Amino acid sequence: MTMKNKQSLFLSKKELLKEAGCDDYNESAKRLFSKAFGISSAQSYKYQTYEGSNENASLFSEMISSRAFGVPTSHIVCSRSFWKNDFHVDKTVLDPRPESELIIDVTKNLLIDGMKVLDLGCGSGCLGLSLYKENSNINLFLADISKKALSLSKKNAEELKADCEFIHSDLFSNIHNNFDLIITNLPYIAKDDFRYLQREIILHEPHEALYGGRSGLDVIKQFLDSVNRHLNKSGFFVIEFGKGQDCLLKEELVRSNFNNVYYYKDLNNVNRVVCVKKDT
Ligand SMILES: C[S@@+](CC[C@H](N)C(=O)[O-])C[C@H]1O[C@@H](n2cnc3c(N)ncnc32)[C@H](O)[C@@H]1O
């Protein structure tokens, strides 16, 4: 393919995504182009200078068609960047969201060698494995109610050479250890808010990873009922929650006798993460 052909292919497909109503059409076109032509995303903006075959071009066109039909870019390229690493993702797990990186930001400096850390509702494993990459001397446990999610998190752990244990469990039902730190991003979308989610999310992401019952906090409330029993002395837990759920969550934390509570805001200045010390 000539450089000129490639450039016009890229521009026409980018336009196609824009017309299809794809919000992130520029970023998606770049990521798909990089994948189809086998170049790193850091280089993709220089796409004009790379050789490519007609096969690369056909693959790019197929990927663009899928994206135009609403398939998330990460599902097409089977990967998503989170914190400092790339994670395998597919329709069995939630696509890691940038706002969840706040959990890593809040906890990374608290890690101590030998600390027992649980990522409950691990999905792709992006939270726990990102912490492991910050300090590989922690004892990491990844747990999820979904066997498919656990299997994908195992694949990610292998890829990142992380030594950790996997537990298939509905919240703490199959967890018999205590931990120094528990991190969790459980489902928190309320029943009435579900219909406002983007069509792309409803169609392509697992509902059990999103749906938090009538209030949105139903699963988190169950978590709060048991978490204290699974924390070591001076242990703490960190939860992500939805925009505007902080008042309701505060009430639940008070009800469960948690008094040492610190809230953290995301880049939009909205409370998104809470760090809570064990109730002694
Ligand atoms: C919002 S996703 C978060 C995934 C990943 N930790 C992340 O931040 O991208 C919620 C995860 O919790 C899991 N989950 C939902 N209910 C659960 C339960 N009762 N016990 C354990 N895991 C649960 C889902 O399968 C899903 O993987």
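Trainee: Which residue in β7 does Ile-182 stand opposite?

Mentor: Ile-182 stands opposite Phe-237. Keep in mind that this is a predicted model.

Trainee: How do β6 and β7 pair, and over how many bridges?

Mentor: They pair in the parallel sense, over five bridges. Strand β6 covers residues 179-184, and β7 covers residues 231-240.

Trainee: Which strand is joined to β6 by four bridges?

Mentor: That is β3, residues 116-120, which runs parallel to β6. Within that pairing, Val-117 has Leu-181 as its bridge partner.

Trainee: How many of the residues of β6 are buried?

Mentor: Six of its six residues are buried.

Trainee: What is the strand order in the sheet?

Mentor: The order is β5-β4-β3-β6-β7-β9-β8, an open sheet of seven strands with mixed pairing. The edge strands, β5 (164-168) and β8 (261-265), each pair on one side only. From one strand to the next, the twist averages 15°.

Trainee: What about the β5 end: in which sense does β4 pair with β5?

Mentor: In the parallel sense, over five bridges, with β4 being residues 139-144. Leu-140 has Cys-164 in β5 as its bridge partner.

Trainee: Which helix lies across those two strands?

Mentor: Helix α7, residues 147-159, lies across β4 and β5. Its direction is at about 170° to β5.

Trainee: And what sits between α7 and β5?

Mentor: A loop, and Asp-163 is in it.

Trainee: Is Asp-163 buried or exposed, and why?

Mentor: Asp-163 is exposed, because it has 10 other C-beta atoms within 10 Å, and 12 or fewer counts as exposed.

Trainee: How far is Asp-163 from Gly-244?

Mentor: They are 37 Å apart in space, C-alpha to C-alpha, and 81 residues apart in sequence.

Trainee: Now the ligand. How many residues surround it, and which are the closest?

Mentor: There are 24 residues around the ligand, and the closest are Gly-121, Gly-123, Ile-145, Asn-185 and Ala-209. By class, that shell has 14 nonpolar, seven polar and three charged residues.

Trainee: What about β1 and β2: how do they pair?

Mentor: In the antiparallel sense, over four bridges; β2 is residues 85-88. Ser-79 stands opposite His-88 in β2. The two strands form a hairpin with two residues between them, and there Trp-83 takes a positive phi near 55°.

Trainee: Which residues of β1 are on the covered face, and which on the uncovered one?

Mentor: Arg-80 and Phe-82 are on the covered face, while Ser-79 and Ser-81 are on the uncovered one.

Trainee: Stepping back, how many helices and strands does the protein chain have?

Mentor: It has 10 helices and nine strands. The radius of gyration is 21 Å, close to the 19 Å that the globule rule gives for 280 residues, so the chain is as compact as a globular protein of that length.

Trainee: What does the C-alpha trace span along its principal axes?

Mentor: About 70 × 40 × 35 Å. Buried residues make up 37% of the 280 residues.

Technical notes
Residues are numbered from 1 along each chain as its sequence is written. This is a predicted model: local features need pLDDT of at least 70, side-chain atom pairs count only at pLDDT 80 or more; totals for chains, interfaces and linings use all residues. A residue is near a molecule or strand if its C-beta atom, placed from the backbone, lies within 6 Å of it. Ala, Val, Leu, Ile, Met, Phe, Trp, Tyr, Cys and Pro count as nonpolar, Asp, Glu, Lys and Arg as charged, and the others, Gly among them, as polar. Two strands pair if DSSP finds at least two bridges between them. Axes are lines fitted to C-alpha atoms, for helices over the stretch in contact, and angles run from 0 to 180 degrees between N-to-C directions. Two residues are in contact if their C-beta atoms, placed from the backbone, lie within 7 Å. The radius of gyration is taken over C-alpha atoms; the globule rule is 2.2 Å times the number of residues to the power 0.38. A residue is buried if 20 or more other C-beta atoms lie within 10 Å of its own, exposed if 12 or fewer, and partly exposed in between; C-beta atoms are placed from the backbone.
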